[in-house]
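Let's take a walk through this model together, from the overall fold down to one pair of residues. Please keep the structure open as you read.

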Amino acid sequence: MTGKTSAPIDRVSMEVTETSTWLRILRAARDTTPIFLILLALLVAIHIQSPAYNLVSIFKNGAPLAILAAGQLFVIVSGEFDLSVGSLITVVVTMSASISKGDPDKTLMVFGVMILLGIAVGLVNGLVVTRLHVPSFVATLGMMLILLGGVNYITGGTPLGDLPSNFRTFGRDEIKNFPVLGTLPNSIIVLIVAGVVMYWLLHRANFGRQIYAVGGNARAADLAGIDVAGVRTLAFIVSALSAVVAGILLGGYAGVSVQVGKGYEFQAISAAFIGGAALTGGRGSVAAAIAGGLTMQALFALLNVLGYPQELRDTVQGVIVIAAVAYASYRFRRAS
Amino acid sequence: MERRSTLGRLLAIAAFAAVVGAACGGAAATATPSAANSASQPAGSVAPGTPEATASATAAATNAIQYLNTTTTCQGAVADAFFNEQECEKQLAERLQAPQGPANQPWLQMLNPTMVDTVKYKKDGPYKICVSESGEDNAWRVVGWNVMQHEAALEGVQLVHVIANGKDDKQISDIADLVKTGNCSALVISPNSTAALTPAVTQACASGIPVVVWDRGVTTDCPVTFIHPIGGYAFGASAAEYIASTVPAGSKIVALRILPGVDILETRWLGAEAVFAQHNITVVESQFDNADAAKAKTIVSDALDKYGNNQIAAVWADAGFASVAVSEVFEDRGIAMVPVIGEDQNDFLQKWSKNPTYPWFASTYPTYQWRTAIIAATDILKGISVPKEWILPQSVVTADNLSKSLYPNMPPDFQASCGCQDMPGWPADYQK
């Protein structure tokens, strides 16, 4: 037992030796995880319905959810859930405002504090799950309530303080006169950077292989010499840090609010499932999770331009999640 | 296991880039002229910084003073369970009436008062005033409570403070406890909701302790006095009148409301509805934001996406906590600023003063009524008459009186109409 695991089979790309290009394209379309095609279809539908709609705004406004979904994916692949991310977003926004009180010189320090907070929350989540053996659903639900209560106690229920402009620039500002797209929102740059980092962590680093192993069969992974508890805890830390980044983007866009993170944990989990993660762990990809988050944002945008009432968003989200998970398990059974 | 085709991935990325590029190229082509030349302005507003802007600001300011004299009625409000036409017309008229009392102390002023005799409540000090509050969940209440404590210190009375956290049943039991065991000289109550708290207030009156109701009301007139500014119909209608005098008839606007079912908020909306109906202004989106600035910003942003960047001529709101966030939507998109309704919250006033051409307006629900509540209670205990219904003046902030509401170095949540500037502890106690 050297501790090295062999590369999972899905890394081997199987070259298709068909001569017909058309058939190759069709095969590519069939084999691509459906979420990318669905996102494409939604963007096309929005453009048809409302040609003046700026599609870049879907990526700008969806970046926090996409990053959160990718972070949540780490936890889901390891076989757990993290329900505390929404409250953590709220804590990040309100605490950053309270600490900095609008002073731009404090921003760097505030970022440092928030990163430490994310690591601490992820660590506690991981330890409660692995050492106290509390199911992650319950453990992170408890953390969610602890964070929520803490925020309400400190702020008294009303946001105090301001976020400085160099904090808000990540979520709010755009690079003007960008070629092709017109403007490039800073949040898309943050999304790309975070996405690349998380892609590397999950799909290229050893850590990622270990997460898949733990999620696929924790007992086997343990016997293979993987530190199951450590891997799980690290996954919670990744999820919490993704919530910190999402909080910085959301606080930047909308300013201080005590409800900014509300419901985001469920949106993130839905997005990860829509992107193809398996309920029981062991499957899923960062790119697909990000696409899942953007797809949900695109779906809400389509409903908006079609004139559907805001109240239907939750209903639509629920229907889509059920359909996505059902379809994903159908594909899994068909393939295996 | 799913096979991943590299060709498939490349196809998808290429397709994305093509679609997004085409769409954004199209959007950019239509958007760039308006960002660069400010060509497609909403009619009635001008690009900031131009000579027309200054003239327009002056015209808007003059309109702002004159609009209060228009013959607005309450016709056009959708008559629901909260609508009381008589009360609505009364409030619209009260805006134009001069209050009695010292002009520089509006918390002592009263409109059309009918005084009641309070000699029977006279007792010797020291006084212990018990305050039952509905909640402390917004900046107005946080500042208000601070103001109330300073007034109590000024009068030398002791305060007992219970908060109901937005729950009717908690406030009912709070009041019952205060009556039974509080040893209160007087009870000062801001009811969480009208119907549910009426029996509790009635019982409190029956105990013989003088009861003062302030802020929201109840449907019994047993309290010694009910203190409130003119009211919601006036609040909403004044803001709507400003919009109506600034944007052309037929304009589309967005209305932001906190939540349904609260009488003082419903009346604000009803007052505005009437004005919009009379001036042929269409409210294309009327949404609840649950007192969340982020949600309010999303609602306005979605409306611009749905109807077009230059199609929304104004944003009416029944409160001012989200007004700065909402204004950012227009700034971020490079659209000329439209009329945005706010309150006397400092972040809104500061931003306004930094951008004097912004066509903005603030209704107020003055925080100084928290002073009046304590003043009334102590007056009653000293045997001084008070009005049966203490109607306080309800001012508005326009471009020409904005400077009177600006206070330097105050936090963004500070409420300018606190009436706290002449009490000890100003300004340090309000800067935390």
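Two residues are in contact if their C-beta atoms, placed from the backbone, lie within 7 Å. In chain B, 76% of the contacts between residues at least 6 apart in sequence join residues at least 24 apart. This is a predicted model, in which local features need pLDDT of at least 70 and side-chain atom pairs count only at pLDDT 80 or more, while totals for chains, interfaces and linings use all residues. Residues are numbered from 1 along each chain as its sequence is written, and chains are lettered from A and ligands numbered from 1 in the order in which they are written.

Chain B holds 12 helices and 14 strands; helices (H or I, at least four residues) and strands (E, at least two) are DSSP runs, numbered from the N terminus.

Now look at the domains, whose bounds come from an automatic or database domain assignment. Chain B splits into domain 1 (55-86 + 232-363) and domain 2 (99-230 + 366-394). Their contact takes 7 residues from domain 1 of chain B and 6 residues from domain 2 of chain B. On the domain 1 side, helix H7 (232-246) and helix H8 (263-278) of chain B each give two or more residues.

Next comes an open sheet of 3 strands in chain B, with the order S8-S7-S9 and parallel pairing; two strands pair if DSSP finds at least two bridges between them. Strand S8 (282-288) and strand S9 (312-317) of chain B stand at the edges with a single partner strand each, so one side of each has no neighbour in the sheet. Strand S7 (residues 252-257) of chain B is joined to S9(B) by 5 bridges, and Lys252(B) has Ile312(B) as its bridge partner in S9(B).
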